[in-house]
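Please open the model in your viewer and keep the selection tool at hand. The stops below say what to select next and what is there.

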Amino acid sequence: MEEKKQKSINDILPLDLIQRILLRIPVKHLGRLKCVSKLWHSLISDPDFAESHLHLSLASTNACIYKKNSTEAYLIHLEEAFNDKNYKVRELSFPFKKPPPSEFRLMGSCRGFVLLHQEPHFFVVWNPLTGFSKRVSYSWLDIVHRTKGRYFRFSGNAMLYGFGYDATLDDYLLVIAWKDSNCQLLDCFSLKTNSWINLDAAVPKPLVLMEWRSRGLFLNGSIHWLSYYLEKHHSDGLLVFDLKERSFSKISLPEQLEMRDAATFFILGGCLALCSQDYVGCKTHIWVMKEYKVYSSWTLYVIPCLEFEPLCLSNDRDVVAVIYRSLKFAKYNLREELLRRFRCPLFRLQTFNWTWCTVYTESLLPFPSNSKHKDKKKKKNAI
(Lines give C-alpha, C1' and ligand atoms only; values in the text may rest on other atoms or scores of the structure.)
Protein backbone atom coordinates (compact mmCIF):
# COMPACT_ATOMS: atom_id res chain seq x y z
CA MET A 1 0.00 0.00 0.00
CA GLU A 2 1.16 3.47 -0.81
CA GLU A 3 1.92 5.51 2.30
CA LYS A 4 -0.15 8.63 2.82
CA LYS A 5 1.83 11.83 2.57
CA GLN A 6 1.77 13.75 5.85
CA LYS A 7 -0.07 17.03 5.52
CA SER A 8 1.68 20.24 6.38
CA ILE A 9 0.11 23.15 8.20
CA ASN A 10 -0.22 24.89 4.84
CA ASP A 11 -2.53 22.07 3.65
CA ILE A 12 -4.67 22.19 6.78
CA LEU A 13 -5.13 25.92 7.35
CA PRO A 14 -6.40 28.38 4.74
CA LEU A 15 -3.92 31.03 3.62
CA ASP A 16 -5.98 33.87 5.10
CA LEU A 17 -5.92 32.25 8.55
CA ILE A 18 -2.14 31.69 8.38
CA GLN A 19 -1.66 35.37 7.60
CA ARG A 20 -3.85 36.40 10.54
CA ILE A 21 -1.89 34.13 12.89
CA LEU A 22 1.44 35.53 11.71
CA LEU A 23 0.20 39.09 12.26
CA ARG A 24 -0.22 38.29 15.95
CA ILE A 25 3.35 37.07 16.42
CA PRO A 26 6.00 39.51 17.76
CA VAL A 27 8.15 40.78 14.92
CA LYS A 28 11.43 39.50 16.39
CA HIS A 29 10.22 35.87 16.04
CA LEU A 30 9.10 36.18 12.42
CA GLY A 31 12.63 35.88 11.07
CA ARG A 32 12.88 32.31 12.37
CA LEU A 33 9.42 31.43 11.07
CA LYS A 34 10.56 32.18 7.54
CA CYS A 35 12.31 28.80 7.69
CA VAL A 36 9.06 26.85 8.17
CA SER A 37 8.25 26.73 4.47
CA LYS A 38 8.68 28.59 1.20
CA LEU A 39 5.12 29.84 1.57
CA TRP A 40 5.78 31.34 5.01
CA HIS A 41 9.04 32.85 3.79
CA SER A 42 7.17 34.48 0.91
CA LEU A 43 4.36 35.77 3.18
CA ILE A 44 6.67 37.25 5.80
CA SER A 45 8.98 38.81 3.18
CA ASP A 46 6.11 40.58 1.44
CA PRO A 47 6.30 44.38 2.02
CA ASP A 48 2.49 44.47 2.32
CA PHE A 49 2.69 41.98 5.19
CA ALA A 50 5.36 44.09 6.91
CA GLU A 51 3.12 47.16 6.58
CA SER A 52 0.12 45.30 8.00
CA HIS A 53 2.18 43.85 10.85
CA LEU A 54 3.40 47.30 11.87
CA HIS A 55 -0.16 48.64 12.15
CA LEU A 56 -2.18 45.55 13.14
CA SER A 57 0.14 43.51 15.35
CA LEU A 58 -1.22 42.97 18.86
CA ALA A 59 2.29 42.47 20.20
CA SER A 60 4.44 45.35 18.94
CA THR A 61 8.04 45.39 20.12
CA ASN A 62 9.26 48.69 21.55
CA ALA A 63 13.01 49.03 21.88
CA CYS A 64 15.32 51.71 23.22
CA ILE A 65 18.74 52.46 21.74
CA TYR A 66 21.12 54.08 24.18
CA LYS A 67 24.29 55.58 22.70
CA LYS A 68 26.91 55.63 25.41
CA ASN A 69 29.59 57.23 23.25
CA SER A 70 30.63 57.41 19.60
CA THR A 71 31.39 53.67 19.42
CA GLU A 72 29.35 51.99 22.18
CA ALA A 73 25.58 51.54 22.07
CA TYR A 74 23.07 49.21 23.69
CA LEU A 75 19.65 47.84 22.82
CA ILE A 76 16.97 47.46 25.48
CA HIS A 77 13.74 45.61 24.64
CA LEU A 78 11.41 47.35 27.05
CA GLU A 79 8.77 44.59 27.29
CA GLU A 80 11.33 41.86 27.97
CA ALA A 81 13.23 43.98 30.50
CA PHE A 82 10.21 43.89 32.82
CA ASN A 83 8.99 40.35 32.13
CA ASP A 84 12.27 38.41 32.14
CA LYS A 85 14.18 38.33 35.44
CA ASN A 86 17.33 37.21 33.61
CA TYR A 87 17.09 39.83 30.88
CA LYS A 88 20.40 41.31 29.82
CA VAL A 89 20.91 44.49 27.86
CA ARG A 90 22.44 43.69 24.47
CA GLU A 91 25.41 45.49 22.99
CA LEU A 92 24.60 46.98 19.61
CA SER A 93 26.80 47.59 16.61
CA PHE A 94 26.07 50.71 14.66
CA PRO A 95 26.04 50.27 10.86
CA PHE A 96 29.45 51.81 10.27
CA LYS A 97 32.17 49.87 8.49
CA LYS A 98 34.70 51.54 10.77
CA PRO A 99 34.40 53.77 13.84
CA PRO A 100 33.06 57.18 12.77
CA PRO A 101 35.77 59.85 12.66
CA SER A 102 33.50 62.42 14.31
CA GLU A 103 30.55 62.53 16.70
CA PHE A 104 27.20 61.41 15.32
CA ARG A 105 23.74 61.90 16.73
CA LEU A 106 20.50 59.96 16.89
CA MET A 107 18.00 62.02 14.90
CA GLY A 108 14.90 59.99 15.77
CA SER A 109 12.92 57.06 14.47
CA CYS A 110 10.03 56.38 12.11
CA ARG A 111 8.27 53.08 11.27
CA GLY A 112 11.13 50.93 12.55
CA PHE A 113 13.92 52.99 10.95
CA VAL A 114 16.42 54.97 13.01
CA LEU A 115 18.10 58.02 11.48
CA LEU A 116 21.71 58.87 12.34
CA HIS A 117 23.59 62.00 11.34
CA GLN A 118 27.29 62.66 11.23
CA GLU A 119 28.93 65.97 10.54
CA PRO A 120 29.71 67.37 8.13
CA HIS A 121 27.30 65.92 5.59
CA PHE A 122 25.90 62.43 5.72
CA PHE A 123 22.95 60.53 7.15
CA VAL A 124 22.53 56.83 7.83
CA VAL A 125 19.03 55.36 7.78
CA TRP A 126 19.02 52.02 9.59
CA ASN A 127 16.63 49.23 10.51
CA PRO A 128 18.26 47.61 13.59
CA LEU A 129 16.01 44.53 13.35
CA THR A 130 16.70 43.55 9.73
CA GLY A 131 20.22 45.02 9.69
CA PHE A 132 19.46 47.13 6.62
CA SER A 133 21.29 50.44 6.42
CA LYS A 134 21.77 53.09 3.80
CA ARG A 135 24.33 55.85 3.88
CA VAL A 136 23.01 59.04 2.35
CA SER A 137 25.49 61.78 1.53
CA TYR A 138 24.22 65.29 1.00
CA SER A 139 25.90 68.43 -0.19
CA TRP A 140 25.60 71.70 1.70
CA LEU A 141 26.25 73.34 -1.68
CA ASP A 142 22.62 72.51 -2.57
CA ILE A 143 21.40 75.06 -0.04
CA VAL A 144 24.45 77.31 0.35
CA HIS A 145 23.03 79.79 -2.17
CA ARG A 146 20.31 80.51 0.37
CA THR A 147 22.83 81.16 3.14
CA LYS A 148 24.62 83.95 1.24
CA GLY A 149 27.68 81.76 0.83
CA ARG A 150 27.95 80.92 4.52
CA TYR A 151 28.78 77.32 5.45
CA PHE A 152 25.73 75.35 6.60
CA ARG A 153 26.32 73.09 9.59
CA PHE A 154 23.40 71.01 10.79
CA SER A 155 24.14 71.17 14.51
CA GLY A 156 24.67 74.92 14.40
CA ASN A 157 21.98 76.08 11.97
CA ALA A 158 19.03 73.71 12.40
CA MET A 159 16.49 75.06 14.88
CA LEU A 160 13.81 72.45 14.27
CA TYR A 161 14.09 69.08 12.60
CA GLY A 162 11.93 66.01 12.20
CA PHE A 163 12.11 62.58 10.58
CA GLY A 164 8.91 61.30 8.96
CA TYR A 165 7.28 59.34 6.15
CA ASP A 166 5.21 60.58 3.21
CA ALA A 167 2.95 57.67 2.20
CA THR A 168 1.89 59.37 -1.04
CA LEU A 169 5.50 59.39 -2.28
CA ASP A 170 6.67 56.31 -0.35
CA ASP A 171 9.58 58.43 0.89
CA TYR A 172 11.25 59.13 4.21
CA LEU A 173 11.87 62.84 4.73
CA LEU A 174 13.93 65.00 7.04
CA VAL A 175 12.39 68.44 7.55
CA ILE A 176 14.71 71.22 8.77
CA ALA A 177 13.83 74.77 9.85
CA TRP A 178 16.83 77.04 10.29
CA LYS A 179 17.92 80.64 10.51
CA ASP A 180 20.30 82.64 8.39
CA SER A 181 20.86 86.18 9.64
CA ASN A 182 17.33 87.62 9.80
CA CYS A 183 15.76 84.98 7.55
CA GLN A 184 14.17 81.73 8.64
CA LEU A 185 14.12 79.00 6.05
CA LEU A 186 12.50 75.62 5.61
CA ASP A 187 14.05 72.72 3.73
CA CYS A 188 13.31 69.05 3.29
CA PHE A 189 15.73 66.25 2.45
CA SER A 190 14.45 63.17 0.58
CA LEU A 191 16.21 60.00 1.73
CA LYS A 192 14.84 58.20 -1.31
CA THR A 193 16.30 60.51 -3.96
CA ASN A 194 19.20 61.91 -1.87
CA SER A 195 18.15 65.46 -2.72
CA TRP A 196 17.03 68.67 -1.04
CA ILE A 197 13.52 69.99 -1.59
CA ASN A 198 12.96 73.72 -1.03
CA LEU A 199 9.64 74.23 0.71
CA ASP A 200 7.48 77.30 0.24
CA ALA A 201 5.62 76.85 3.53
CA ALA A 202 6.31 79.63 6.02
CA VAL A 203 7.20 78.80 9.62
CA PRO A 204 4.38 80.45 11.67
CA LYS A 205 6.60 82.31 14.16
CA PRO A 206 10.19 83.53 14.52
CA LEU A 207 12.47 80.73 15.63
CA VAL A 208 14.28 81.30 18.91
CA LEU A 209 16.83 78.80 20.12
CA MET A 210 15.83 76.87 23.27
CA GLU A 211 12.20 77.94 22.92
CA TRP A 212 11.35 74.88 20.86
CA ARG A 213 11.89 71.20 21.41
CA SER A 214 14.21 70.76 18.44
CA ARG A 215 13.49 67.11 17.59
CA GLY A 216 10.01 66.67 16.10
CA LEU A 217 7.89 63.53 16.43
CA PHE A 218 6.09 61.80 13.57
CA LEU A 219 2.43 60.77 13.82
CA ASN A 220 -0.45 60.53 11.33
CA GLY A 221 1.56 61.77 8.37
CA SER A 222 2.82 64.90 10.16
CA ILE A 223 5.79 66.03 12.24
CA HIS A 224 5.02 67.75 15.56
CA TRP A 225 7.00 70.12 17.78
CA LEU A 226 6.22 71.68 21.16
CA SER A 227 6.86 75.41 21.51
CA TYR A 228 7.70 76.92 24.87
CA TYR A 229 8.61 80.41 26.11
CA LEU A 230 11.23 80.07 28.83
CA GLU A 231 10.67 83.55 30.25
CA LYS A 232 6.86 83.54 30.19
CA HIS A 233 6.39 79.87 31.18
CA HIS A 234 3.89 79.65 28.39
CA SER A 235 3.41 77.42 25.35
CA ASP A 236 2.00 78.36 21.97
CA GLY A 237 0.84 74.78 21.51
CA LEU A 238 2.01 72.06 19.15
CA LEU A 239 3.35 73.06 15.75
CA VAL A 240 2.30 70.54 13.08
CA PHE A 241 3.82 70.10 9.60
CA ASP A 242 1.82 67.92 7.20
CA LEU A 243 4.26 66.07 4.93
CA LYS A 244 1.69 65.50 2.19
CA GLU A 245 0.19 69.00 2.08
CA ARG A 246 3.52 70.71 2.93
CA SER A 247 1.71 73.07 5.29
CA PHE A 248 1.75 74.10 8.95
CA SER A 249 -1.04 74.09 11.52
CA LYS A 250 -1.29 74.22 15.32
CA ILE A 251 -2.83 72.13 18.07
CA SER A 252 -3.89 73.89 21.27
CA LEU A 253 -2.83 72.50 24.64
CA PRO A 254 -5.24 71.87 27.54
CA GLU A 255 -5.98 75.04 29.50
CA GLN A 256 -5.33 73.28 32.81
CA LEU A 257 -1.76 72.37 31.81
CA GLU A 258 0.61 74.19 34.17
CA MET A 259 3.89 75.08 32.49
CA ARG A 260 5.99 75.99 35.52
CA ASP A 261 8.74 74.02 33.84
CA ALA A 262 9.22 73.14 30.19
CA ALA A 263 6.96 70.18 29.44
CA THR A 264 8.11 67.03 27.68
CA PHE A 265 6.37 66.08 24.45
CA PHE A 266 6.11 62.47 23.27
CA ILE A 267 3.95 59.88 21.48
CA LEU A 268 2.13 57.44 23.75
CA GLY A 269 0.29 54.51 22.21
CA GLY A 270 -0.29 56.35 18.95
CA CYS A 271 -1.51 59.52 20.70
CA LEU A 272 0.04 62.94 21.26
CA ALA A 273 1.01 63.38 24.92
CA LEU A 274 2.63 65.90 27.25
CA CYS A 275 4.36 65.48 30.57
CA SER A 276 4.86 68.17 33.22
CA GLN A 277 6.23 68.07 36.77
CA ASP A 278 4.31 69.03 39.92
CA TYR A 279 7.20 69.58 42.33
CA VAL A 280 4.88 70.71 45.14
CA GLY A 281 2.82 67.50 45.06
CA CYS A 282 5.78 65.34 43.96
CA LYS A 283 3.81 64.07 40.97
CA THR A 284 4.09 63.86 37.20
CA HIS A 285 1.11 65.02 35.12
CA ILE A 286 0.57 63.27 31.80
CA TRP A 287 -1.88 64.74 29.30
CA VAL A 288 -2.96 62.46 26.42
CA MET A 289 -4.91 63.57 23.34
CA LYS A 290 -6.96 60.42 22.81
CA GLU A 291 -8.42 61.57 19.47
CA TYR A 292 -6.04 63.25 17.05
CA LYS A 293 -6.68 67.01 16.75
CA VAL A 294 -9.81 66.81 18.94
CA TYR A 295 -9.25 69.36 21.72
CA SER A 296 -11.91 67.90 24.03
CA SER A 297 -10.11 64.54 24.06
CA TRP A 298 -7.17 65.82 26.18
CA THR A 299 -7.16 63.54 29.26
CA LEU A 300 -5.08 63.92 32.43
CA TYR A 301 -3.29 61.07 34.21
CA VAL A 302 -1.29 61.59 37.40
CA ILE A 303 1.74 59.48 38.30
CA PRO A 304 2.81 59.69 42.00
CA CYS A 305 6.46 60.14 41.11
CA LEU A 306 8.69 63.05 40.09
CA GLU A 307 10.81 63.24 36.92
CA PHE A 308 8.91 60.39 35.31
CA GLU A 309 9.79 60.52 31.59
CA PRO A 310 7.38 58.33 29.54
CA LEU A 311 8.81 56.32 26.68
CA CYS A 312 5.93 54.24 25.32
CA LEU A 313 2.94 52.05 26.18
CA SER A 314 3.50 48.37 26.88
CA ASN A 315 1.40 45.70 25.16
CA ASP A 316 -0.75 45.71 28.32
CA ARG A 317 -1.34 49.48 27.87
CA ASP A 318 0.85 50.39 30.85
CA VAL A 319 3.14 53.42 30.75
CA VAL A 320 6.85 52.58 30.43
CA ALA A 321 9.17 55.38 31.50
CA VAL A 322 12.53 56.34 32.90
CA ILE A 323 12.65 57.85 36.37
CA TYR A 324 15.44 60.34 35.87
CA ARG A 325 16.43 60.75 39.52
CA SER A 326 16.99 57.04 40.16
CA LEU A 327 17.92 56.22 36.54
CA LYS A 328 15.54 53.27 36.50
CA PHE A 329 12.96 52.08 34.02
CA ALA A 330 9.50 51.91 35.58
CA LYS A 331 6.10 50.66 34.54
CA TYR A 332 2.90 52.25 35.88
CA ASN A 333 -0.69 51.48 34.98
CA LEU A 334 -3.08 54.37 34.41
CA ARG A 335 -4.59 53.79 37.87
CA GLU A 336 -1.36 55.29 39.22
CA GLU A 337 -0.02 51.95 40.50
CA LEU A 338 3.67 51.08 40.20
CA LEU A 339 3.93 47.64 38.65
CA ARG A 340 7.65 47.01 38.17
CA ARG A 341 11.05 48.67 38.07
CA PHE A 342 14.12 47.73 36.12
CA ARG A 343 17.56 49.17 36.77
CA CYS A 344 19.72 49.50 33.68
CA PRO A 345 23.39 48.99 34.62
CA LEU A 346 24.46 51.28 31.76
CA PHE A 347 22.88 54.41 33.19
CA ARG A 348 25.29 56.50 35.19
CA LEU A 349 24.51 60.00 36.31
CA GLN A 350 27.68 61.49 34.89
CA THR A 351 27.11 60.02 31.42
CA PHE A 352 23.33 59.90 31.10
CA ASN A 353 22.02 62.15 28.34
CA TRP A 354 18.61 61.86 26.65
CA THR A 355 19.97 63.20 23.38
CA TRP A 356 21.83 59.89 23.17
CA CYS A 357 18.65 57.86 23.36
CA THR A 358 15.80 57.01 20.98
CA VAL A 359 12.80 54.70 21.26
CA TYR A 360 11.45 52.93 18.20
CA THR A 361 8.99 50.19 17.26
CA GLU A 362 10.65 47.27 15.51
CA SER A 363 9.44 46.44 12.01
CA LEU A 364 10.30 44.34 8.96
CA LEU A 365 9.61 47.19 6.55
CA PRO A 366 12.00 47.44 3.59
CA PHE A 367 13.41 50.83 2.67
CA PRO A 368 11.74 52.24 -0.47
CA SER A 369 13.86 52.19 -3.60
CA ASN A 370 14.15 55.01 -6.08
CA SER A 371 12.68 53.41 -9.19
CA LYS A 372 13.64 56.35 -11.42
CA HIS A 373 17.29 55.99 -10.48
CA LYS A 374 17.07 52.24 -11.03
CA ASP A 375 15.57 52.72 -14.50
CA LYS A 376 18.34 55.14 -15.44
CA LYS A 377 20.95 52.65 -14.27
CA LYS A 378 19.33 49.85 -16.28
CA LYS A 379 19.28 51.99 -19.45
CA LYS A 380 22.91 52.96 -18.93
CA ASN A 381 23.92 49.30 -18.53
CA ALA A 382 21.91 48.38 -21.62
CA ILE A 383 23.75 51.01 -23.66
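Start by selecting helix H2, which covers residues 15–23, and colour Ile18, Leu22 and Leu23, which are buried in H2 (buried means under 20% relative accessible area, exposed over 50%, and partly exposed in between, with a 1.4 Å probe and protein chains only). These residues cover an arc of only 135 degrees around the axis, so they sit on the same side of H2; the arc is that of the directions from the helix axis to the C-beta atoms. Helices (H or I, at least four residues) and strands (E, at least two) are DSSP runs, numbered from the N terminus.

Before going further, please note that this is a predicted model, in which local features need pLDDT of at least 70 and side-chain atom pairs count only at pLDDT 80 or more, while totals for chains, interfaces and linings use all residues. Residues are numbered from 1 along each chain as its sequence is written, and side-chain values use heavy atoms, with hydrogens and water left out.

Because they are 4 residues apart in the helix, Asp16 and Arg20 are separated by about one helical turn. Asp16 is partly exposed at 44% relative accessible area, and Arg20 is partly exposed at 49%.

Next, select Arg111 and Glu51, which form a salt bridge whose closest N and O atoms are 2.9 Å apart. Arg111 lies in the loop between strand S4 (104–110) and strand S5 (113–118), and Glu51 in helix H5 (residues 47–56), so the pair ties together parts that are 60 residues apart in sequence. Arg111 is buried, at 15%, whereas Glu51 is partly exposed, at 26%.

Now select Leu22 again, together with Leu30, Leu115, Phe163, Tyr172, Leu174 and Leu191, which touch the most other members among the 33 residues of the largest nonpolar core. Such a core is a set of buried Ala, Val, Leu, Ile, Met, Phe, Trp, Tyr and Cys residues joined through side-chain atoms within 4.5 Å. Domain 1 (7–58) and domain 2 (94–252 + 358–382) both give residues to this core, so it lies between them; the domain bounds come from an automatic or database domain assignment. Apart from this core lies another one, of 17 residues, among them Ala273, Cys275, Ile286 and Ala330.

For the last stops, turn to the loops. Asp200, in the loop between strand S11 (195–198) and strand S12 (217–219), is exposed, with a relative accessible area of 81%. Finally, select Lys293 in the loop between strand S18 (283–289) and strand S19 (298–303), where the residue has a positive phi of about 65 degrees although it is not a glycine.

Terms used:
Salt bridge = Lys/Arg side-chain N within 4 Å of Asp/Glu carboxyl O.
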